[in-house]
Amino acid sequence: MADTSPQDLKTVPLNDVHVALGGRMVPFGGYSLPVQYPTGIVTEHKWTREHAGLFDVSHMGPSFLLLNEKSGDVDADHAAIAAVVEPLICGDIKGLKPGQIRYTLLLNETGGALDDLMIARPADPAWAGSLYVVVNAGTKDADFARIAAASAGKATLNRADNCALLALQGPEAVAVLSKLIPEVADLGFMTYRSFPWNGTVLVIARSGYTGEDGFEILVEPEHARAFWDALTADERVKPIGLGARDSLRLEAGLPLYGHDLDETISPTEAGLNFAVSKRRREAADFPGAERILKEYGGELSRIRVGLLVEGAPAREGAEILDASGAVIGMVTSGGFSPSLGRAIALGFVPPAYAAVGTKLSVSVRGRSQSAEVAALPFVPHRYYRKPV
């Protein structure tokens with residue numbers, strides 16, 4: 001996970017807490033972050049699947065985009081702020097309901113992914129004409145610059161990446177958090193609101209990167225320690241590092257930018273068709289629309305698949321082979337699944353090899369190992385969707 005020299009690393013507001021807990025600190029996304037705590041990755045992974053894991057993801061890029069001039073008409077102001085960002089992405093932001101979050105992708109002119117991100121419309125009408133935007137750590141400076149350039153004269157981007165961003169994930173997450181803030185139980189998956197807590201305001205989204213129910217909470221840095229302590233005082237909560245975060249998202253079949261997504265990979269190739277909203281497809285008004293719409297029509301040369309791998313894990317860069325031993329693709333993420341007790345991977349292959357059950361193999365340290373295309377996610381998602 002190392003990608004920056006130690007002398008260049010930034011620290012998160014809770015850095016001293018992680019060090020005191022025995023976290024093994026590593027470089028990631030330009031920050032020093034805990035990859036694991038003394039109990040180890042497998043234990044942390046299983047705890048999150050069974051109880052509630054607390055992750056520090058303060059390296060991410062939360063921000064708020066606000067119209068410079070508001071009309072006072074809630075819907076008109078939302079449409080105006082949506083029009084600022086929609087030329088950069090493939091998602092329908094105008095169509096968001098109050099409090100709703102949308103996963104989308106920032107695209108280049110050829111339809112390649114510059115980043116994947118979350119964009120949300122505030123629930124409070126007083127904040128109409130603003131959006132809550134969260135981008136990835138490694139790309140956030142470029143993302144923010146791109147959004148700010150598109151916003152020039154129309155809106156202002158306020159970065160909030162000096163704050164702490166915590167993710168509470170797992171089947172007991174809602175019970176834990178609702179002890180502190182009872183109203184969070186009313187949130188559905190991919191919705192958010194702001195809540196007062198102990199003299200501060202928390203921005204809480206019911207979302208996450210593990211496939212489990214859970215929340216991502218933005219908290220001002222001066223209140224981060226008190227909130228962390230309030231959560232970890234509950235015996236159902238344990239701190240979880242980046243290692244288990246990666247194995248959990250891999251089991252959930254979720255892509256990691258810079259590995260399963262990059263500037264050459266389109267949403268269609270990545271199996272993220274849902275992220276290209278229907279209204280945007282019909283209007284063909286997003287970057288790379290010509291390419292992506294052709295891919296929607298079947299003109300694909302590669303597609304992301306899940307693989308069940310026999311033997312040792314096939315890591316990023318391992319070749320994927322057909323029955324004759326010819327190289328047909330590449331693993332982009334791979335590792336051991338604690339939930340399944342076996343190796344799993346994500347990678348790209350031609351569509352002819354993408355059907356579930358297709359027998360393939362992977363090359364691991366020069367040795368061929370059997371693999372089979374699997375349905376994604378490897379482990380079922382357990383998001384909380386409110387009854388309609």
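Strands (E, at least two residues) and helices (H or I, at least four) are DSSP runs numbered from the N terminus, and two strands pair if DSSP finds at least two bridges between them. All views show a predicted model, in which local features need pLDDT of at least 70, side-chain atom pairs count only at pLDDT 80 or more, and totals for chains, interfaces and linings use all residues. Residues are numbered from 1 along each chain as its sequence is written, and side-chain values use heavy atoms, with hydrogens and water left out.

View 1. Six strands close into a barrel in the order E15-E18-E17-E16-E19-E20, with antiparallel pairing. From one strand to the next, the twist averages 45°; axes are lines fitted to C-alpha atoms, for helices over the stretch in contact, and angles run from 0 to 180 degrees between N-to-C directions. Helix H7 (residues 242–251) packs on the sheet and touches E17 and E18, its direction making about 125° with that of E17. Contact here means heavy atoms within 4.5 Å. E17 (residues 327–337) and E18 (residues 342–349) are antiparallel and share 7 bridges. Within this pair, Val 331 has Gly 347 of E18 as its bridge partner.

View 2. An open sheet is formed by 5 strands in the order E6-E7-E8-E5-E9, with antiparallel pairing. Strand E6 (101–107) and E9 stand at the edges with a single partner strand each, so one side of each has no neighbour in the sheet. The twist averages 30° from one strand to the next. E5 and E9 pair in the antiparallel sense over 5 bridges, and Leu 66 has Thr 156 in E9 as its bridge partner. Helix H3 (residues 74–85) lies across E5, strand E7 (113–120), E8 and E9, and runs at about 125° to E5.

View 3. All of E4 (residues 52–56) is covered, with 5 of its 5 residues buried, where buried means under 20% relative accessible area, exposed over 50% and partly exposed in between (1.4 Å probe, protein chains only). One side carries Ala 52, Leu 54 and Asp 56, and the other Gly 53 and Phe 55. E4 pairs in the parallel sense with strand E14 (residues 237–239) over 3 bridges, and is joined by 4 bridges to strand E10 (residues 164–169), which runs antiparallel to E4. Leu 54 has Pro 239 as its bridge partner in E14 and stands opposite Leu 168 in E10.

**View 4. The largest cavity.** On a 1 Å grid over the protein atoms alone, a cavity is a set of points where a 1.4 Å probe fits but cannot get out, and a pocket is an open set with protein on both sides within 12 Å along at least five of seven lines; lining residues have an atom within 4 Å of a point. Points are joined across faces, edges and corners, and a volume is the space filled by probe spheres set on them. The largest cavity has a volume of about 50 Å³. Its lining includes Phe 55, Asp 56, Leu 242 and Arg 245, and E4 and H7 each supply at least two lining residues.

**View 5. The second largest pocket.** This pocket has a volume of about 540 Å³. Of its 22 lining residues, Phe 64, Trp 127, Ser 194, Val 201 and Val 203 lie nearest its centre. Strands that each supply at least two lining residues include E5 (61–67), E8 (130–135) and E9 (155–159).
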